[in-house]
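I opened the model to look at its packing. My notes follow.

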Amino acid sequence: RIRASYVTGMEAHEFHPQAISAVPFRYTQYGSENAGPILTVLVFQSSDWRALARGSKPPPGHVLANKGGRTWVAVLPEKNPYTPGTPDHKVFEEMRVDPAIVKNAFQLLPR
């Protein structure tokens, strides 16, 4: 199953020091360990994101949306976060996350 948690402040800064909020999505089977995120959506002030993207080493991520002075960026893990040989590792390998699919599925809802 997939579960998400919304974090702000210092918790969001653990994902990126300039993020104002973050939504890490984790995959867990019933009774399994809690591994790292399989996808994290970071929210930046748009001006901060533009400055980061223009830098000499832009942070990894795929822009999902720009609206209201904020930029939403999907960040995928560099490698499988689960222990090799475990059922979670196998399922993660089978369900590779594609940034294009994430962008197509992402939608900002009005408040």
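**Helix α2 and the cores**

I first looked up what covers the buried residues of α2, and the cover includes β4, β5 and β6. Contact here means heavy atoms within 4.5 Å. Helices (H or I, at least four residues) and strands (E, at least two) are DSSP runs, numbered from the N terminus.

This is a predicted model: local features need pLDDT of at least 70, side-chain atom pairs count only at pLDDT 80 or more, and totals for chains, interfaces and linings use all residues. Residues are numbered from 1 along each chain as its sequence is written, and side-chain values use heavy atoms, with hydrogens and water left out.

Which residues of α2 (residues 46-54) are buried? I found Ser46, Trp49 and Leu52. Buried means under 20% relative accessible area, exposed over 50%, partly exposed in between (1.4 Å probe, protein chains only). Seen down the axis of α2, these residues fall within an arc of 125°, so they line one face of the helix. The arc is taken from the directions from the helix axis to the C-beta atoms.

Of its 13 residues, Ile38, Leu64 and Trp72 touch the most other members. Two or more residues each come from β3 (21-27), β4 (39-45), β5 (62-67) and β6 (70-75). β4 gives the largest share, three residues. Another core, of nine residues, lies apart from it and includes Leu42, Leu52 and Val73.

Last, I looked at Glu14, in the loop between α1 (9-13) and β3. Glu14 is exposed, at a relative accessible area of 68%.

Technical notes
Core = buried A, V, L, I, M, F, W, Y, C linked by side-chain atoms within 4.5 Å.
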